[in-house]
Amino acid sequence: MNLIEPFKTEIDFATGVLSPQRVIMQRRLSDMSVMYADRNAAARIQSEEGDRLIYEVQGVELPEEEGQIPHCTTRILPGRIGDEYHMTKGHYHARREQGEVYFGLSGRGYLLLQTDGGETSEIEMVAGSAAYVPPYWAHRTVNIGDEDFVFFSVWEARAGHDYGTIERDGFRKLVVLRDGQPAVVDNPVYG
Ligand code: M6P
Ligand code: ZN
């Protein structure tokens with residue numbers, strides 16, 4: 001076990017920016033264009049405006065060993081690909097038995113969850129919402145507002161990210177603009 005010195009990070013709730021600056025990871029449309037239901041819309045945006053920034057993660061780097069508790073902010077920019085709101089890739093934990101906590105800092109979003117067994121759940125999040133991702137639930141976040149949706153996440157270091165299952169099957173639910181409102185609908189091409 002590494003003995004790590006205690007430390008703190010200041011968080012800007014509106015932007016998710018950490019200080020001191022930590023590791024920053026950006027995901028652009030090209031990293032996830034196949035994850036959006038409307039691939040034509042994704043291709044059109046790509047050719048008309050270039051590689052759009054969808055979301056950004058800023059976090060502390062900790063050793064992936066038992067007992068370490070990584071934490072980060074995620075900022076999802078507002079916008080849609082076709083009717084579908086900007087979202088994260090989404091993942092299961094490689095160790096499915098590990099959970100996670102999300103805490104809303106600013107903006108409005110949905111937390112979509114699903115299990116291998118076919119259960120689904122969606123939780124609306126605003127600033128101040130503490131949402132629990134229990135073990136075994138895949139999780140994806142979606143910005144349903146006109147501003148950045150920013151939240152803070154905390155998990156156990158060995159949880160790991162399993163992206164492959166979602167890359168292959170997608171999510172059972174999509175969050176889309178319907179009649180001027182965000183709506184959670186079945187994904188017609190799931191699986
Ligand atoms: C949350 C946490 C992170 C995750 C990030 C972006 O902050 O769950 O572990 O990396 O969201 O989500 P994803 O990894 O699915 O792109
Ligand atoms: Zn996770």
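First, the conventions. In this predicted model, local features need pLDDT of at least 70 and side-chain atom pairs count only at pLDDT 80 or more, while totals for chains, interfaces and linings use all residues. Residues are numbered from 1 along each chain as its sequence is written, chains are lettered from A and ligands numbered from 1 in the order in which they are written, and side-chain values use heavy atoms, with hydrogens and water left out.

I begin with ligand 1. Around it are 15 residues, where a residue is near if one of its heavy atoms lies within 4 Å. Tyr55, Thr74, Glu100, Ser153 and Tyr163 come nearest.

An oxygen atom of ligand 1 lies 2.4 Å from an N or O atom in the side chain of Tyr55. For Ser153 the corresponding distance to a ligand oxygen is 2.7 Å, and for Tyr102 it is 2.8 Å. On its own, ligand 1 has 380 Å² of accessible area, and the protein covers 97% of that; the areas come from the Shrake-Rupley method with a 1.4 Å probe.

Which elements give two or more residues to this shell? They are β4 (53-59), β5 (71-76), β8 (100-106) and β13 (149-155), strands being DSSP runs of E with at least two residues, and helices runs of H or I with at least four, numbered from the N terminus. The largest share, three residues, comes from β13. By class, the shell has seven nonpolar, six polar and two charged residues; Ala, Val, Leu, Ile, Met, Phe, Trp, Tyr, Cys and Pro count as nonpolar, Asp, Glu, Lys and Arg as charged, and the others, Gly among them, as polar.

I turn to the pockets. A pocket is an open set of points on a 1 Å grid over the protein atoms alone, where a 1.4 Å probe fits, with protein on both sides within 12 Å along at least five of seven lines; lining residues have an atom within 4 Å of a point. The space taken by ligand 1 is the largest pocket, as more than half of the ligand's atoms lie within 2 Å of its grid points. The largest pocket holds about 660 Å³, a volume being the space filled by probe spheres set on the points. Its lining has 31 residues, with Met25, Val57, Cys72, Trp155 and His161 nearest the centre. The largest share of that lining, four residues, comes from β4.

The second largest pocket has a volume of about 260 Å³. Among its 17 lining residues, Val34, Met35, Arg39, Gly170 and Val189 lie nearest the centre. Helix α3 (residues 164-169) gives the most, four residues. This lining comprises eight nonpolar, three polar and six charged residues.

Finally, the backbone. Most residues other than glycine have a negative phi, and most peptide bonds are trans. The peptide bond from Ser19 to Pro20, however, is cis, with omega near 0°, and Pro20 lies in the loop between β2 (18-19) and β3. Tyr136 has a positive phi, near 80°, in the loop between β11 (130-133) and β12.

Terms used:
Polar contact = N/O pair within 3.5 Å; in protein donor to acceptor, adjacent residues only side chain to side chain.
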